[in-house]
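The tour begins at the ligand and then moves on to the aromatic rings.

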Amino acid sequence: MTVEATKETRGFETEAKQLLHLMIHSLYSNKEIFLRELVSNASDAADKLRFEALNHGELYEDDPELSIRVSFDKEANTVSIIDNGIGMSREEVVDHLGTIAKSGTAQFLSNLTGDQKKDSHLIGQFGVGFYSAFIVADKVTVETRRAGAAKEEGVRWESSGEAEYSVETIEREKRGTAITLHLKKDQQEFADGWRLRSIIKKYSDHISLPIIMEKEHYGDDKEEKEPEDETVNTATALWTRSRSEVSDEEYKEFYKHISHDFSDPVKWSHNRVEGKLDYTSLLFLPSKAPFDLYNRDASRGLKLYVQRTFIMDEAEQFLPLYLRFIKGVVDSNDLSLNVSREILQKDPNIDSMRAALTKRVLDMLEKIKKNDKEQYAQLWKEFGQVLKEGPAEDYGNKEKIASLMQFASTHADTDVQDQGLDDYLARMKEGQDKIYYVVAENFNTAKNSPHLEVFRKKGIEVLLLSDRVDDWLMGHLAEYKEKQFQDVSKGELDLGKLDSDDEKKEQEKVEKDFKDFNERLKKVLDNEVEEVRVTHRLTESPACLVVGEHDMGAQMRRLMESAGQKVPESKPSIEVNPSHPLVQKMDKESDEDRFTDLAHVLFDQANLAEGGNLDDPAAYVKRLNKLLMDLS
Ligand code: ADP
């Protein structure tokens, strides 16, 4: 095969340009991280080579000792980061270094706030690692050759980080990648051994590969000495060290290396398990949700190592989907080095590892909830919605997940989700044996739902649910600590011991008195409602709609309908409030046409009050106007 040494110049896409510009500005205050990012990439490249070499030993060529070399040239004002990892082909160079625009770039850009601190965090999550070189350099040269490729298949990539880059095929003896930063004039400080060493120590000490620099000699005889190398970092896989030997700072830097997140993690859990299974795990709880948390294709899962050898990124078999925000590493001593995703899926040992890791994460969350309310509130804001997926996915941990949940409720009557179920249980009234809740499309509709009237009157707390997942969540939760959940808008209300005997007698009497009225109303609303009943839940509103105990809730119905799904037909019942003047007026209405109009308006209004849509809004307006005209 002949290789054309063609040189071509290509433009970055518009989005890439925009991103680059933004990044250089928002990360400027933290510019030394360029080295961390490039070392992190070099380390990943070594991991990839090791993995590919498991089946293709020849990829090591005659250079099996993997390392990263950092060097500088004060006169030329350059810094170089050189690895003997996997390297890149010409196509890979164009793909990886010419395209920052991964899926979701546009969405990412629209998320930027203009606030530097927040934006730099987002940029970190987006993983623009390589491009951080342009914070300090006005030209970057990459020379690389993929492991196993002929020496004529080397590639040189060069760019000043503005509009264009060039690629050309070159001859390159050595496998791997050398990145040379031509420092900006005012960034000379980085062409300095002491400075580079201290940055490596600070950010990259945990890298398991040796990071090598030329030893510096001080004093008069330096001209006579042969150059000598030294390893600058600790160079052991961080998770293999014992907890007491690893500082918080090291954990934090390691997290940034594996997660591409620029912010510190909130907490971590580092454990060695020996026995039937033998593995080490290091799990991190990030402080912020990634911008693509809800994108089903977004990356998730842990980094999998087998006996210190990197096997794969995003091994999603080790944690359930509702904990997809957790980052970390799992290193197994039992799995085969040839393990694949398919094998992981079928291995029963993975299930028990997953159960143990899940427990660790839930414990970590529980501890924060107990010890640091403020931090937990913040975490709930970030990850609460995802945790709410938990009870459906992970039946075994249902109760534990439920105990982590936070809700808005009539206790505080604000939309802040800060009440746990245990808080609720502690406030239950004497004789109360259910946890009451209402689900609506938004907080205000939930808070003002007519279904809450009797609960407010009696001082019984009701959870106010209005997140998209809530109806679905409650379908899976069913009970907590042996107390059943009860949707206050479903079924016939039975407050059990919460109603006094006198109240019960009074209810029976009213029901009898209103029997005829109910039948009359049912005739008019026969197509719309299942049943007409006297209500026990309303104190102020004239009527409300109630769905059957086992029917789909109104929120769920609207969600499914808007997703174009067919929803089984089920009619609600209407409950009327006999003490409301409108109902009393209707009871006395002798004009049947007028009664019919009032009946429909009553039904439509009950629907509106719950945030529902009318089937025929024009008919409603017409009837209402007719009734208004009659007033005069
Ligand atoms: P990320 O590391 O988040 O994927 P980067 O912009 O830092 O993003 O790097 C883009 C890609 O370029 C990497 O995923 C990798 O495929 C490739 N790359 C970067 N540096 C190296 C390197 N030293 N050796 C081999 N490939 C590299």
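Select T177 and the ligand. An N or O atom in the T177 side chain lies 3.3 Å from a nitrogen atom of the ligand. That is a polar contact: a pair of N or O atoms within 3.5 Å; within protein, one must be able to donate a hydrogen and the other to accept it, and residues adjacent in sequence count only if both atoms are side-chain atoms. On its own the ligand exposes 530 Å², and the protein buries 86% of this (Shrake-Rupley areas, 1.4 Å probe; for residues, only the protein chains shown count as cover).

A word on the model: it is predicted, with local features needing pLDDT of at least 70 and side-chain atom pairs pLDDT 80 or more, while totals for chains, interfaces and linings use all residues. Numbering runs from 1 along each chain as its sequence is written, and side-chain values use heavy atoms, leaving out hydrogens and water.

Next, pick D83. An N or O atom of the D83 side chain is 2.9 Å from a ligand nitrogen. At F130, look at the backbone: a polar atom there is 2.8 Å from a ligand oxygen.

Now show the whole shell. It has 14 residues, with N41, D83, H96, F130 and T177 the closest (a heavy atom within 4 Å of the ligand). Colour α2 (33-53) and α3 (90-97): each supplies at least two shell residues. The largest share, 4 residues, comes from α2. Helices are DSSP runs of H or I, at least four residues, and strands are runs of E, at least two, numbered from the N terminus.

Move to the rings. Which residues form a cluster through ring pairs? Select W239, Y251, F254, Y255, W268, F284, Y305 and F310. Rings of Phe, Tyr and Trp (its six-membered ring) pair if their centres lie within 6.5 Å; planes under 30 degrees apart are stacked, over 60 edge-to-face, the rest tilted.

The structure holds 16 aromatic pairs. Zoom in on F254 and F284: the centres are 6.3 Å apart and the planes at 45 degrees, so this pair is tilted. F254 sits in helix α8 and F284 in strand β11, 30 residues apart. F254 is buried at 3% relative accessibility (buried means under 20%, exposed over 50%, partly exposed in between; 1.4 Å probe, protein chains only). F284 is buried too, at 0%.

Last stop: select R36 and F262. The charged end of R36 sits over the F262 ring, 5.0 Å from its centre (NZ of Lys or CZ of Arg within 6 Å of the ring centre and within 35 degrees of the ring normal).
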